[in-house]
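Here is a short report on a protein chain and the ligand that goes with it. Have the structure open as you read, and let us walk through it together.

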Amino acid sequence: MTTTPARLTVLAGPTAVGKGTVSADLRARYPRVWLSVSATTRPPRPGEVDGVHYHFVSPEKFDAMIEDGELLEWAVVHGRNRYGTPRGPVEERLAAGEPALLEIDLQGARQVRATMPEARFVFLAPPSWEELERRLVGRGTEDAAERQRRLATARVELAAESEFDHVIVNDDVHRATDELIQVMGLPTR
Ligand code: 5GP
C-alpha cells in the first residue's frame, strides 16, 4: 500500500493506550519525524525533563500563551491540568516540509481538525477496555482518584473513535508503529 506522505499527523487516544511508546518507537525508526513538545500546567513526573517531555509552565504562563495566540490548540485534560501545542515550532516544521506529529487529546484533535483539516487524524485504540485498565494500573504513575478521572475521559474518547481518519489498535507496539508508518506514508525500508 502506498499512501501520500502526511505533513501533519495527529495521534490521539485514551490514557495509557501507549501513544508515548508508539511515538517513541516511530521516532527511533524515523528520526526525521518531529514530535511536538506540549506545554502543560501539570507538574513533572519523576524522570520527566522540562523542554523534552513537556514545557512545564505555571498557570499564569499558560494564560499568557493563550492570550498571545501562541497555542495551536489547548485543552483541560482529565478535568485538571491544561495542555497545549505551541504553534511556532509546528509551523516551522511544516514550512520546512518535514513531517510533524502531535500527540494530543480528543478535544485538541478536534480543534486542529477545525483549523488544519488537511492533517491526518489517527486514533490509537486499546485491544479492550480491560486491557486499558490493566495498562493504567500497571504503569503505576497515578493514584486511584486520578486513575478514575482518566478512565472517565477514556470512555468519552473511545466513543469518538469514528471521527478519526484511521484507527490503529495497539495490541503490539511494533505492529502498531508499522501501521502508523503506513498511515503517515513514510518510506518503508
Ligand atoms: P499525561 O498527563 O499523561 O502526560 O497526558 C495526559 C493527556 O494529555 C494525554 O492523553 C495527552 O494526549 C494529552 N496531551 C498532551 N499534550 C497535549 C496537548 O498539547 N494538547 C492536548 N489537547 N492534549 C495533550
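The report starts with the overall fold and then turns to the ligand.

Please keep in mind that this is a predicted model. The protein chain contains 7 helices and 9 strands. Its C-alpha trace spans about 45 × 40 × 30 Å along the principal axes. The radius of gyration of the protein chain is 16 Å, which agrees with the value near 16 Å that a compact globule of 189 residues would have.

Now to the ligand, which sits in the largest pocket. Two elements each give two or more residues to the shell around the ligand: strand 5 (71–77) and strand 6 (81–86). In total, 17 residues surround the ligand, and the closest are S38, R42, Y54, E73 and Y83. By residue class, this shell divides into 7 charged, 5 polar and 5 nonpolar residues.

| Residue (polar side-chain atom) | Ligand atom | Distance |
|---|---|---|
| R42 | oxygen | 2.7 Å |
| R150 | oxygen | 2.9 Å |
| T85 | oxygen | 3.4 Å |

How much of the ligand's accessible area does the protein cover? On its own, the ligand has 510 Å² of accessible area, and the protein covers 94% of it.

Technical notes. Residues numbered from 1 in each chain as written. Predicted model: local features only at pLDDT ≥ 70, side-chain atom pairs only at ≥ 80, totals over all residues. Heavy atoms only, no water. Near = heavy atom within 4 Å. Polar contact = N/O pair within 3.5 Å; in protein donor to acceptor, adjacent residues only side chain to side chain. Areas by Shrake-Rupley, 256 points an atom, 1.4 Å probe, with all protein chains shown as cover. 1 Å grid on protein atoms, 1.4 Å probe; cavity = no way out; pocket = protein on both sides within 12 Å on 5 of 7 lines; lining within 4 Å. Sits in = over half its atoms within 2 Å of the grid points. Helix = DSSP H or I, 4+ residues; strand = E, 2+ residues; numbered from the N terminus. Nonpolar A, V, L, I, M, F, W, Y, C, P; charged D, E, K, R; others polar. Rg over C-alpha atoms; globule rule 2.2 N^0.38 Å.
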